[in-house]
Amino acid sequence: MVRVYFNPDYTLDSPLIGDEVKVENLRHIADVDVNDLQEAFELCQNTDQPWTSRSEVTLLPGA
């Protein structure tokens, strides 16, 4: 199982880098039912379908 976190401070207009990311602000939004981090990364890309609609992904309430 791999947990997916979202950084609510990130925007495409002003991406945060380095020390600006506040770990305490990260929100756990989903779990991916795989054992490999690379596989989780690949599944969580919006390629041929939204990553949130994949069967391996469980969105948490309020995500």
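Helices (H or I, at least four residues) and strands (E, at least two) are DSSP runs, numbered from the N terminus. This is a predicted model, so local features need pLDDT of at least 70 and side-chain atom pairs 80 or more, while totals for chains, interfaces and linings use all residues. Numbering starts from 1 along each chain as its sequence is written, and side-chain values use heavy atoms, with hydrogens and water left out.

**Exercise 1.** Work out the fold pattern of the chain.

*Solution.* Start by counting elements: there are one helix and three strands. Then read along the sequence, which gives β-β-α-β.

**Exercise 2.** Find out what lines the largest pocket.

*Solution.* Step one is the term: on a 1 Å grid over the protein atoms alone, a pocket is an open set of points where a 1.4 Å probe fits, with protein on both sides within 12 Å along at least five of seven lines; lining residues have an atom within 4 Å of a point. Next, the size: the largest pocket has a volume of about 250 Å³ (the space filled by probe spheres set on the points, which are joined across faces, edges and corners). Of its 13 lining residues, Val 4, Tyr 5, Cys 44, Gln 45 and Trp 51 are the closest to the centre. Finally, strand E1 (2-6) and helix H1 (37-43) each supply at least two lining residues, and E1 gives the most, with five.

**Exercise 3.** Is Tyr 5 buried, partly exposed or exposed?

*Solution.* Buried means under 20% relative accessible area, exposed over 50%, partly exposed in between (1.4 Å probe, protein chains only). Tyr 5 has 43% relative accessibility, so it counts as partly exposed.
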